[in-house]
Amino acid sequence: MSNHVKLYGWDAKPRDPSVVLGGKKNIKDPEPQTIASTKLPDTPLAKSVLEYAKKELSTETFNHSMRVYYYGTAIHTQQFPDWRFTDETYLLACLLHDIGTTDKNISATNMSFEFYGGLLALELLSKDLHAPIEQAESVAEAVIRHQDIGETGKITTIGLLLQLATIFDNMGGHEELVHKDTIENVTRHFPRNKWSSCFAATIRKENGLKPWAHTTALGEEDFPNGVLNNKLMEPYDK
């Protein structure tokens with residue numbers, strides 16, 4: 001296996017989560033994992049993208065992106081510890097996965113927000129911040145495919161983890177992968193601030209502006225309604 005595959009999460013995984021879970025709800029019962037016990041990368045690249053995300057994203061979307069990082073890290077360390085990639089690469093993907101949903105970016109293109117977001121991520125990382133191209137492309141691929149949910153084919157390791165963590169935060173999917181105490185700790189540091197209604201409104205805005213948008217593949221009504229009916233996160237959605 002080449003070094004960039006291990007460093008930047010290019011290893012191929014089945015796109016169907018039930019396959020990597022072996023048909024079970026989880027590999028092991030989750031344990032509490034706090035923000036204090038979870039390493040947040042502090043490399044110059046990570047710091048630059050963190051500042052960029054704070055500047056460009058709304059508070060609600062930034063908090064969601066950070067929750068996705070901490071939930072995904074808990075899933076990785078507890079359920080799939082053999083998955084190989086740098087924490088920095090996963091953080092970059094989390095911080096940039098919804099960059100295409102900002103008011104400025106969602107109306108700047110006819111492209112679906114994930115695809116445009118992937119291009120923005122690639123340009124930011126490779127041209128502006130001079131990240132290794134293999135890392136920049138891994139992040140862009142994950143951003144583009146983070147709503148590419150399905151049961152056939154393969155996806156990168158970073159891409160699959162990003163899918164699992166975003167579905168968990170947005171819809172309460174795969175709730176057996178993360179301990180309830182972890183949710184309480186993470187939402188205390190990065191409040192949801194009515195994220196369910198906020199994100200559902202973004203979905204409807206994207207589909208209204210772009211009736212061809214890839215988001216419609218998840219169900220023009222089923223997806224936003226599923227977000228609004230996130231029972232797992234309802235107690236924290238305030």
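Analyst: Let us start with a charged pair. Keep in mind that this is a predicted model. Side chains of opposite charge can pair when their charged atoms come close. Here K205 and D103 form a salt bridge, with N and O 3.0 Å apart. The pair ties together parts that are 102 residues apart in sequence, because K205 sits in helix α11 (residues 195-209) and D103 in helix α6.

User: Are K205 and D103 buried or exposed?

Analyst: K205 is partly exposed, at 35% relative accessibility. D103 counts as exposed, at 59%.

User: How many salt bridges does a search of the whole structure find?

Analyst: The search finds 14. One of them joins the side chains of D169 and R192, at 2.9 Å from N to O. This pair also links distant parts of the chain: D169 is in helix α9, and R192 is in the loop between α10 and α11, 23 residues apart.

User: Is D169 buried or exposed? And what about R192?

Analyst: D169 is buried, with a relative accessible area of 0%. R192 is buried too, at 0%. The cut-off for buried is under 20%, so D169 qualifies.

User: Now the inside. How do I read a nonpolar core?

Analyst: In soluble globular proteins, nonpolar side chains tend to be buried together. In this model, the largest nonpolar core has 52 residues. Those with the most contacts inside this core are F62, W83, Y90, L95, L96, L125 and V139.

User: Which elements give two or more residues to this core?

Analyst: They are α3 (44-56), α4, α5, α7, α8 (133-145), α9 (157-171) and α10 (180-189). There is also a second, separate core of 6 residues, which includes W195, F199, I203 and V227.

User: Take L125. What does L125 touch, not counting residues up to four places away in sequence?

Analyst: L125 touches L45, V49, L92, L96, H130, A131, A136 and V139. Of these partners, L96 and V139 are also listed with L125 among the residues with the most contacts inside the largest core.

User: How do I read a polar residue that is buried?

Analyst: Q79 counts as buried, at 4% relative accessibility. A polar atom of the Q79 side chain lies 2.8 Å from the backbone nitrogen of I27. Leaving aside neighbours within four places in sequence, Q79 is in contact with N26, I27, K28, P30, A74 and L177. Note K28 in that list: K28 also forms the salt bridge with E31.

User: Where is T89, and is T89 buried or exposed?

Analyst: T89 lies in helix α5 (residues 87-96). T89 is buried, with a relative accessible area of 0%. The side chains of T89 and T86 make a polar contact of 2.5 Å. Beyond four places in sequence, T89 is in contact with L7, Y8, Q135, S138, V139 and I158.

User: How far apart are T89 and I133 in sequence and in space?

Analyst: They are 44 residues apart in sequence. In space, their C-alpha atoms are 12 Å apart.

User: What about N105? Which residues does N105 touch, not counting those up to four places away in sequence?

Analyst: N105 touches I99, G100, Y116 and L120. N105 lies in helix α6 (residues 103-106). N105 counts as buried, at 6% relative accessibility. D103, in the same helix α6, counts as exposed.

User: Last, the surface. Which residues form a nonpolar patch there?

Analyst: The patch is made of M111, F115 and L119. Together they have about 230 Å² of accessible area. L119 is found in helix α7 (residues 113-128). L119 is partly exposed, with a relative accessible area of 44%. Patch residues need over 30% relative accessible area, so L119 passes that cut-off.

How values were computed
Residues are numbered from 1 along each chain as its sequence is written. This is a predicted model: local features need pLDDT of at least 70, side-chain atom pairs count only at pLDDT 80 or more; totals for chains, interfaces and linings use all residues. Side-chain values use heavy atoms; hydrogens and water are left out. Patches are made of residues with over 30% relative accessible area and no salt bridge: like charges are joined within 9 Å, nonpolar side chains (Val, Leu, Ile, Met, Phe, Trp, Tyr) within 5 Å. Accessible areas come from the Shrake-Rupley method with a 1.4 Å probe; for residues, only the protein chains shown count as cover. A salt bridge is a side-chain nitrogen of Lys or Arg within 4 Å of a carboxyl oxygen of Asp or Glu. Helices (H or I, at least four residues) and strands (E, at least two) are DSSP runs, numbered from the N terminus. Buried means under 20% relative accessible area, exposed over 50%, partly exposed in between (1.4 Å probe, protein chains only). A polar contact is a pair of N or O atoms within 3.5 Å; within protein, one must be able to donate a hydrogen and the other to accept it, and residues adjacent in sequence count only if both atoms are side-chain atoms. Contact means heavy atoms within 4.5 Å. A nonpolar core is a set of buried Ala, Val, Leu, Ile, Met, Phe, Trp, Tyr and Cys residues joined through side-chain atoms within 4.5 Å.
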